[in-house]
Amino acid sequence: MDFDSDSSDLRSAHVIVVGNEKGGAGKSTISIHVTVALLKAGYRVASIDLDTRQQTLTRFFENRRSWSANANWPIELPHHCAMGRGESADLRENEAREFADFAAAIGAVEHDYEFVVIDTPASDSYLMRLAHSLADTLISPLNDSYIDVDVFSRVNHDRKQRGAVAHYADLVLEARRKRQLVDNGVIDWIMVRNRMASLANNNAKQIAISIARIGAELRFRIADGFHDRVIFRELFPIGLTALDAIEQGAQKGALTSSQQSARQEIENLVESLQLPTRTPGVEHIESRRLWHARVSDFYRAPSADAHDFS
Ligand SMILES: Nc1ncnc2c1ncn2[C@@H]1O[C@H](COP(=O)(O)OP(=O)(O)OP(=O)(O)O)[C@@H](O)[C@H]1O
Ligand SMILES: [Mg+2]
């Protein structure tokens with residue numbers, strides 16, 4: 001991945017949204033690792049936390065910043081922004097404010113950063129839908145469980161009922177439709193398996209078959225993400241990842257096999273995202289300008305009731 005350094009004035013950031021309405025699927029874990037991997041690869045990265053309640057991504061980068069200051073160990077940090085939620089009783093007013101804040105957050109970084117990584121909450125919200133409509137790459141983490149598959153395509157013992165598009169997938173398809181209308185943009189949707197078991201099992205095989213079938217219908221790609229590893233969760237309090245030189249901090253000198261495997265998985269995941277190798281330039285900037293100008297109306301049109309889709 002090599003951005004053309006002569007065209008900095010033409011850059012418009014590639015937006016990576018990590019979303020899935022299923023709680024606990026690994027959105028924040030993937031947001032953290034993709035952001036750190038891109039920083040380590042030398043990119044200028046901004047991150048936006050749309051999970052106004054849990055703020056996992058924000059907490060992680062706070063921990064990273066304070067750990068690095070304490071340990072006097074310089075470390076890569078993104079330009080981070082945590083979004084707030086409109087608190088007024090008037091829904092329209094809240095949406096207008098959230099749109100303005102989100103557009104300002106994007107506007108502040110889109111020309112100075114090569115990637116923007118957005119972590120989203122599990123609950124449906126105006127902000128969450130808005131972010132999906134701006135994605136150039138959408139990553140949806142998915143555990144090897146039919147409960148996780150069910151938020152994309154209804155799983156049912158009755159074959160005739162199989163395949164009904166479920167609520168989250170519907171939200172993504174709607175975001176795609178609107179995005180195409182707004183600026184002719186394309187959302188590259190990638191289903192990333194997370195917390196995979198280390199031993200192959202029949203359940204995982206069946207899930208892989210189901211996901212491949214649904215992927216062909218809903219037009220998403222499938223990538224292997226992370227195995228279930230303690231290293232993906234134990235470093236949160238100090239804001240580090242397996243990509244950081246924790247072996248030096250622990251004065252062990254060598255990578256543990258778990259750190260090595262985790263690093264490989266993170267690198268493979270970033271590779272399989274097939275992120276742009278150069279700035280998309282003027283065309284992309286013009287699309288973003290159109291998105292800012294038009295999308296607010298689309299998302300607030302009465303026909304597009306963004307809040308009741310159960
Ligand atoms: N590959 C993994 N290996 C081990 N633990 C993991 C892995 N992925 C996620 N976890 C753990 O699973 C839990 C849920 O992960 P995470 O918070 O990233 O999910 P989420 O989709 O962001 O959740 P929410 O919907 O609540 O925002 C966390 O405890 C996290 O540390
Ligand atoms: Mg989260």
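The model is predicted. The shell around the ligand holds 18 residues, and the pocket lining holds 39. Helix 1 gives the largest share of the shell, and helix 1 also gives the largest share of the lining.

**Contacts of ligand 1**
- K27, S28, T29, Q54 and R195 are the closest of the surrounding residues.
- At S28, a polar backbone atom lies 2.8 Å from an oxygen atom of ligand 1.
- At H227, a polar backbone atom lies 3.0 Å from a nitrogen atom of the ligand.
- At N194, the side chain takes part: one of its N or O atoms is 3.0 Å from a nitrogen atom of ligand 1.
- On its own, ligand 1 exposes 630 Å², and the protein buries 82% of that area.

**Make-up of the shell**
- Four elements each supply at least two shell residues: helix 1 (27–40), strand 6 (188–196), strand 7 (221–227) and helix 8 (231–234).
- Helix 1 contributes three residues to the shell.
- Eight shell residues are polar, six are charged and four are nonpolar.

**The pocket**
- The volume of the largest pocket is about 630 Å³.
- Nearest its centre lie G24, G26, K27, S28 and T29.
- Helix 1, helix 2 (56–71), strand 6, strand 7 and helix 8 each provide at least two lining residues.
- Five residues of the lining belong to helix 1.
- The lining counts 15 polar, 14 nonpolar and ten charged residues.

**Where the two descriptions meet**
- K27, S28 and T29 are among the residues closest to ligand 1, and K27, S28 and T29 are also among those nearest the pocket centre.

Note on methods:
Residues numbered from 1 in each chain as written. Chains lettered and ligands numbered in written order. Predicted model: local features only at pLDDT ≥ 70, side-chain atom pairs only at ≥ 80, totals over all residues. Heavy atoms only, no water. Near = heavy atom within 4 Å. Polar contact = N/O pair within 3.5 Å; in protein donor to acceptor, adjacent residues only side chain to side chain. Areas by Shrake-Rupley, 256 points an atom, 1.4 Å probe, with all protein chains shown as cover. Nonpolar A, V, L, I, M, F, W, Y, C, P; charged D, E, K, R; others polar. 1 Å grid on protein atoms, 1.4 Å probe; cavity = no way out; pocket = protein on both sides within 12 Å on 5 of 7 lines; lining within 4 Å. Points joined across faces, edges and corners; volume = space filled by probe spheres on them.
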